[in-house]
Amino acid sequence: RTDLQEMNNMTRLRALKIHAFHDASAALTVYLTAAAFMLALAAGQAFANALLLGAAALAFTSIIASVSTDLMSKRIPNSLSLLLLAAAPIWWLRVALGADMPAGHPGIALDLMSLIDPQYGQGSLLPAMGPGFPFSIGIDLVGMIIVFIPLYFSFRLGLGFGGGDVKLITAGALFFGWPLGFDFLVVSFVVGGLFSVFVILGRKFCRIALRFGATSERVHRFAKLREFPYAPAIAVSAILCLASKLEGLF
């Protein structure tokens, strides 16, 4: 009974630490975003431009914070997905104020594919649409739904995505908008696939090492690894798409 109580206490203590870490990650995301917005105003930027920088900072920090929580607890809290989702309305508000938008690429996927074969050209996988504001919000919402559907079925079928991954990518797709949001999904798939290849190879290498007498605890853990955090792959895709979205701003 004493051993069972100790195990329960350790489980509760770990749960408290995880929740505290998640809360701190969300709070730090808000603080850093507010700091970026205030620094932009202090540097003489117009209010609309400061909003744009604030939206970009919120998207970036929430995704990076998701990487830290996923690595630490294999979970992405809803608070970070909601913060990323909030970056889209802030971006729309900036547009509503009538400020000019960054030139930006409509997409990034074909640019990456052209590194392998130049015939792919540049731009996005889906055609860009050019309705004026606020009709563009509806297009962005449709794009978010298109991204959510395959993610949802992948999650339900147990194909490797967790619920937090689905929420984070869906929120990011809304922020990046049409058609960049779809490129965000595809590049996340590709980067995640590359990560999984390295994980599989590393796991096989560790199993071979164990057969030859390796005793390291890390080798033992990696040899038994069955899943890996997906947030780093999402972050790589997000950074590329954010650079594309903000192209021409600086």
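**Core, burial and cavities**

Modeller: This is a predicted model. In the largest nonpolar core, which has 45 residues, those that touch the most other members are Trp-91, Leu-151, Ile-169, Phe-175, Phe-176 and Phe-184. Two or more residues of this core come from each of α2, α3 (78-96), α5, α6 (163-176), α7 and α9.

Biologist: What makes a set of residues a nonpolar core?

Modeller: The members must be buried residues of kinds such as Leu, Ile, Phe and Trp, joined through side-chain atoms within 4.5 Å. Phe-184 is one of the members with the most such partners.

Biologist: Which residues is Phe-184 in contact with, leaving aside neighbours within four places in sequence?

Modeller: They are Ile-169, Gly-172, Ala-173, Phe-176, Ile-234, Ser-237, Ala-238 and Cys-241.

Biologist: Why is Ser-237 called buried?

Modeller: Buried means under 20% relative accessible area. Ser-237 has 0%, so Ser-237 is buried. Ser-237 lies in helix α9 (residues 231-245).

Biologist: What does Ser-237 touch, not counting residues up to four places away in sequence?

Modeller: Ser-237 touches Asp-183, Phe-184, Val-187 and Ser-188.

Biologist: Which residues line the largest cavity, and how do they divide by class?

Modeller: The lining consists of Ala-59, Phe-60, Ile-63, Ile-64, Phe-176, Ala-235, Ala-238, Ile-239 and Leu-242. Ala, Phe, Ile and Leu count as nonpolar, so the lining has nine nonpolar, no polar and no charged residues. At least two lining residues come from each of α2 (47-73) and α9.

Biologist: How does the lining of the second largest cavity divide by class?

Modeller: The residues there are Leu-126, Gly-143, Ile-146, Val-147, Gly-177, Trp-178, Pro-179, Gly-181 and Phe-182. The elements giving two or more residues to that lining are α5 (135-156) and α7 (180-211). Gly counts as polar, so the division is six nonpolar, three polar and no charged.

Biologist: Which element gives the most to the lining of the second largest cavity?

Modeller: That is α5, with three residues.

Technical notes:
Residues are numbered from 1 along each chain as its sequence is written. This is a predicted model: local features need pLDDT of at least 70, side-chain atom pairs count only at pLDDT 80 or more; totals for chains, interfaces and linings use all residues. Side-chain values use heavy atoms; hydrogens and water are left out. Helices (H or I, at least four residues) and strands (E, at least two) are DSSP runs, numbered from the N terminus. Buried means under 20% relative accessible area, exposed over 50%, partly exposed in between (1.4 Å probe, protein chains only). Contact means heavy atoms within 4.5 Å. On a 1 Å grid over the protein atoms alone, a cavity is a set of points where a 1.4 Å probe fits but cannot get out, and a pocket is an open set with protein on both sides within 12 Å along at least five of seven lines; lining residues have an atom within 4 Å of a point.
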